[in-house]
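Hi,

Here is the model I promised to pass on.

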Amino acid sequence: MTLTQRIDEVTASPAHHLLTDFFDPKGPFAGATFDEFGENPPQSIGPADLVAVSLLDVRFEPRAVRAMLETDSSSLSNLLAAVPADVDI
């Protein structure tokens with residue numbers, strides 16, 4: 001089954017309504033804001049990424065935030081750069 005077929009299967013009713021609600025920017029859910037918030041360069045983690053993830057009720061400890069934004073930033077960028085951008089996940 002292709003990715004497109006899998007997405008079509010997931011978005012069939014009633015899932016279609018759930019996804020529509022999740023991505024409605026006027027609704028109570030974070031989908032649209034999470035997906036479109038701030039700048040999101042694919043090869044780095046920045047403050048906008050952490051705010052976006054917080055919209056999904058994920059909490060990072062201060063030590064993890066400092067590591068992602070400061071001490072391990074270069075290593076994480078190198079790892080992200082190694083992820084191919086032209087393949088389906």
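Which residue forms a salt bridge with Glu61, and how far apart are the closest N and O atoms? The partner is Arg63, with the closest N and O atoms 3.5 Å apart. By salt bridge I mean a side-chain nitrogen of Lys or Arg within 4 Å of a carboxyl oxygen of Asp or Glu. Searching the whole structure turns up 1 salt bridge.

Before the rest, some housekeeping. This is a predicted model, so local features need pLDDT of at least 70 and side-chain atom pairs count only at pLDDT 80 or more, while totals for chains, interfaces and linings use all residues. Residues are numbered from 1 along each chain as its sequence is written, and side-chain values use heavy atoms, with hydrogens and water left out.

Back to that pair. Arg63 counts as exposed because its relative accessibility is 59%, and Glu61 counts as partly exposed at 46%. The cut-offs here are under 20% relative accessible area for buried, over 50% for exposed, and partly exposed in between (1.4 Å probe, protein chains only).

Now the rings. The structure holds 2 aromatic pairs. Phe22 and Phe23 make an edge-to-face pair, 5.2 Å centre to centre with 90° between the planes. Phe22 also pairs with Phe29, and that pair is tilted, at 6.4 Å centre to centre and 35° between the planes. For these calls, rings of Phe, Tyr and Trp (its six-membered ring) pair if their centres lie within 6.5 Å; planes under 30 degrees apart count as stacked, over 60 as edge-to-face and the rest as tilted. Phe22, Phe23 and Phe29 form one aromatic cluster. Each of them counts as partly exposed: Phe22 at 30% relative accessibility, Phe23 at 37% and Phe29 at 47%.

Helices here are DSSP runs (H or I, at least four residues; strands are E, at least two), numbered from the N terminus.

Asp57 lies in the loop between helix 4 and helix 5 too. Most residues other than glycine have a negative phi. Asp57 counts as exposed, at 73% relative accessibility.

Asp49, in helix 4, is worth a look as well. Asp49 is buried yet has no salt bridge, and the nearest side chain of opposite charge, Arg66, is 18 Å away. (Lys and Arg count as positive, Asp and Glu as negative; His and the chain ends are not counted.) The side chain of Asp49 does reach the backbone nitrogen of Gly46, at 2.7 Å. Arg66 belongs to helix 5 and counts as partly exposed at 45% relative accessibility.

Finally, a few C-alpha distances for orientation:

- Arg66 and Leu3 are 63 residues apart along the chain, and their C-alpha atoms are separated by 36 Å.
- Val53, in helix 4, is 51 residues from Thr2 in sequence and 28 Å from it in space, C-alpha to C-alpha.
- Pro42, in the loop between helix 3 (31–36) and helix 4, is exposed, with a relative accessible area of 67%; its C-alpha atom is 18 Å from that of Ser54, 12 residues apart along the chain.

Over to you!

Cheers

Definitions and conventions
Polar contact = N/O pair within 3.5 Å; in protein donor to acceptor, adjacent residues only side chain to side chain.
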